[in-house]
Structures are given as structure tokens and as C-alpha cells.
Amino acid sequence: MFNRTTKRRTEKTTIDVVNFVLGACLASAPWVLGFTGQTAAAWNAWVVGAAVAFVAVDALANLTEWEEWANMALGIWAILAPWLLGFAEVAQAMYAHLFIGLIVTFLAAVDLWMAHNRPVSMA
């Protein structure tokens, strides 16, 4: 039977798998996009990307809320990092951080919203 808990687990699993892929993409971006020579940008991408991927893996194993808050914080950091760490002029690094940060933040917000704003099941 496909009940509310099963549906929530499926939605959460989908978001977590997407976050894992996004984390892996950000972590590999310095090599793929060629900004390994930009120390701050490269290290930030490696660390934040690995952290997003790690949190996503943990979220796949556990149905707890802290992972979404952690990914939201990591996503916001990824959005702001180009300006706070001074690599906004490196287009590839800035766009990778901005694009992935926006998606991770959005997915975390959606997941948190779904967790707290579900209608009560009538079944």
C-alpha cells in the first residue's frame, strides 16, 4: 500500500539523490571547468561539494530534518562564497557555485516545506 510515509520517503529520496549528484558536480567542477589554479574557488568547491554529497548520503539513510537545514546552509554559502572569498571574477567558478548553490538551497527549502506543510491524510 502506498501511504503518506512511503510517498514522503520517495520524495525525500529523490531530492537526496539529486543533492548527491549536485555535490559531486560541485566537487568535480574545479577539474571539469578548469579552475584548479584558483585556490579559494577550488578548495571551496571541493569542500562544499563533498559536504553536500555527504549530507545527501546521510539523508538517504535517515529521515531527519537536520540534513535539509545543513544543505540549505551549504547552498547559501555556495551562493555567497564567490564574493566572500574573492573569486567572483573567475566566471566558471562563480557560475558553478551560484548555479549549484541555488538548486541545493531550493531543494532544501522544498523538502522542509513538504515536511511541515502536508495535509492530514484522510485514509
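A: Helix α2 (residues 39–61) packs with α3 at an angle of about 165°, their axes lying 10 Å apart; axes here are lines fitted to C-alpha atoms, for helices over the stretch in contact, with angles running from 0 to 180 degrees between N-to-C directions. Angles under 35 degrees count as roughly parallel, over 145 as roughly antiparallel, 65 to 115 as roughly perpendicular and the rest as oblique, which is why α2 is roughly antiparallel to α3. This is a predicted model, in which local features need pLDDT of at least 70 and side-chain atom pairs count only at pLDDT 80 or more, while totals for chains, interfaces and linings use all residues. Residues are numbered from 1 along each chain as its sequence is written, and side-chain values use heavy atoms, with hydrogens and water left out.

Q: How are the helices defined, and how many helices and strands does the chain have?

A: Helices (H or I, at least four residues) and strands (E, at least two) are DSSP runs, numbered from the N terminus. By that rule the chain has four helices and zero strands, giving the pattern α-α-α-α along the sequence.

Q: Which residues in α2 and α3 meet?

A: Contact means heavy atoms within 4.5 Å. On the α2 side the residues include Val 48, Val 52, Val 55 and Ala 59, and on the α3 side they include Trp 66, Glu 68, Leu 74 and Trp 77. The residues of this contact divide into 11 nonpolar, two polar and three charged, where Ala, Val, Leu, Ile, Met, Phe, Trp, Tyr, Cys and Pro count as nonpolar, Asp, Glu, Lys and Arg as charged, and the others, Gly among them, as polar.

Q: Is Glu 68 buried or exposed?

A: Buried means under 20% relative accessible area, exposed over 50%, and partly exposed in between (1.4 Å probe, protein chains only). Glu 68, in helix α3 (residues 66–84), has 2% relative accessibility and therefore counts as buried. Not counting residues up to four places away in sequence, Glu 68 touches Lys 12, Asp 16, Ala 59, Ala 108, Asp 111 and Leu 112.

Q: What is the relative accessible area of Asp 16, and which residues is Asp 16 in contact with?

A: Asp 16, found in helix α1 (residues 4–33), is buried, with a relative accessible area of 1%. Leaving aside neighbours within four places in sequence, Asp 16 is in contact with Ala 56, Ala 59, Leu 60 and Glu 68.
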